[in-house]
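The tour below goes from one selection to the next.

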Amino acid sequence: MWAPPRDNGPVASASRQISNAASPQVEVIEFLAEMLAQSDEEGRVDDFYGRVCEAAARLTALTRVVIFRWEAERREARVAGGFGLDLGMFTGGVFTVERAPMARRALEEDRVIEAVVDDDGSLPAQYRGYVRSLNATRIVVCPVAARGRWIGVLIADRGGVVPLLEEGEREILWMIGKTTALASMARAATSQHERALALEQRIDLVRDIHDGVVQRLFGVSLALSQANALDEATRLRSSREVDAALAELRSALSRPLGRRPRPVAASLRAAVEQLRSAHPALGLDAEGEVAAPAELEPLAQSVLVEAVRNADKHAQPSRVRVRTASSVDTFEMIVTNDGVVRSAHGAGVGLRLAAFEALAAGGLLEFGPREEGSWQVRLVVPLGTNADPT
């Protein structure tokens, strides 16, 4: 029922460093803990889910494994990692439990499910076709959930006509799903802590400007409001206070602005396709060849997501258009939408925070109403100088 992992690849190398455990369950936990530690040490944190998929294949008879992880920001499940298959086929696709009853069943029942691939709608049609092209007849779905929270699902196969998984393999997969969910929740908590620190930095920035710059300028304004002409000593003191206020302001504005866009794996064009699949009613489309310089991909995609979310939340658009333009020294992206109601609230907090990201890259983000019933978000960043000011 239990067999040690095959001596092949980086995951197998990690397993050799682990002493013989008292049970397969203990070995799975130690195995994943060692793998997570290696990811942190080697700077491969973003590859964690791919290595989890590899571990699932090494510790069982599975040959192809992929993990779909729910992303609250985009309100969809996206591929987080895989092993033994081409992840490119998932680009632009949207995976939800509504479209995959097998995934919902595995999560609701909190158990590993194995079923024959058929046309009953258990999986989205595009994935069923891909599975059949690999000559796989049976699919394994493992919940990635803990404490009642659905993090995602692990989907795998062994290809061809093969016997069912043994009970020991099912237990291993279930534990991999649990430990992966716990690791994901821990990483999310760390990310929330970092965002809290960033917010604290911005609050400190406002407080320092108020307590220093504003108070100095307030004193100067009182001196200048006197009816009598300023004597030499007051004039010199006012000049020094203004110089000091300017110095404090420059120092404050040179600080990091806290929020930075998250790294991305896909291109801006792929992000447009993913958002179009996730929001079919918005009429999202690209004008011309939509692309961004590699160093600006995270910023451009962050602004794009916020612009689409703003249109969805604050307007009733029938179309959302994205276009980009690059010159020798400037990158520009414009997102426009119709359906703006005159009484609408306008821009959400997300766009205002995205403006900080643009400033950190040395660029500018402007947004607001344009012609009747339309809204525009415009990102402009100079090329070659978009370095973090820190």
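Select Arg 269, Glu 273, Arg 276 and Asp 285: salt bridges link these residues in a network. The coordinates are a predicted model. Now zoom in on one pair from that network. Arg 269 forms a salt bridge with Glu 273, and their closest N and O atoms are 3.6 Å apart. Both residues sit in helix 8, which covers residues 268-278; because they are 4 residues apart there, about one helical turn separates them. Check the surface next. Arg 269 has 30% relative accessibility, so Arg 269 counts as partly exposed. Glu 273 is also partly exposed, at 23%.

**Next selection: Glu 232 and Arg 235**

What joins Glu 232 to Arg 235? A salt bridge does, with 2.6 Å between the closest N and O atoms. Color helix 7, residues 232-253, to see both partners in it. Glu 232 and Arg 235 are 3 residues apart, about one turn of the helix. Glu 232 is partly exposed, with 46% relative accessibility. Arg 235 is partly exposed too, at 43%.

**Next selection: Glu 306 and Arg 309**

Move to helix 9, residues 297-314, which holds both Glu 306 and Arg 309. The two are 3 residues apart, about one turn of the helix. They form a salt bridge, and the closest N and O atoms lie 3.5 Å apart. Is Glu 306 buried or exposed? Glu 306 is buried, because its relative accessible area is 10% and the cut-off for buried is under 20%. Arg 309, at 24%, counts as partly exposed.

**Next selection: Arg 170**

Go to helix 6, residues 167-224, and pick Arg 170. Its relative accessibility is 17%, so Arg 170 counts as buried. Draw a distance from the Arg 170 side chain to the side chain of Glu 114: this is a polar contact at 3.3 Å. Which residues does Arg 170 touch beyond its neighbours within four places in sequence? They are Val 112, Glu 114 and Leu 165.

**Next selection: Asp 110**

Find the loop between helix 4 (101-109) and strand 3 (113-116); Asp 110 lies there. Read off its backbone torsion. Phi is positive, about 50°, although Asp 110 is not a glycine. Most residues other than glycine have a negative phi. Asp 110 has 30% relative accessibility, so Asp 110 counts as partly exposed.

**Next selection: Ala 146**

Follow strand 4, residues 138-146, to Ala 146. Ala 146 is buried, at 5% relative accessible area. Show its surroundings. Leaving out residues up to four places away in sequence, Ala 146 touches Lys 178, Ala 181, Leu 182 and Met 185.

**Last view: the whole chain**

Zoom out and switch to cartoon. The chain has 10 helices and 10 strands. It has 390 residues, of which 43% count as buried. How many salt bridges are there? The count comes to 18. Of the contacts between residues at least 6 apart in sequence, 65% join residues at least 24 apart.

Definitions and conventions: Residues numbered from 1 in each chain as written. Predicted model: local features only at pLDDT ≥ 70, side-chain atom pairs only at ≥ 80, totals over all residues. Heavy atoms only, no water. Buried < 20%, exposed > 50% of the residue type's maximum accessible area, 1.4 Å probe, protein only. Polar contact = N/O pair within 3.5 Å; in protein donor to acceptor, adjacent residues only side chain to side chain. Contact = heavy atoms within 4.5 Å. Salt bridge = Lys/Arg side-chain N within 4 Å of Asp/Glu carboxyl O.
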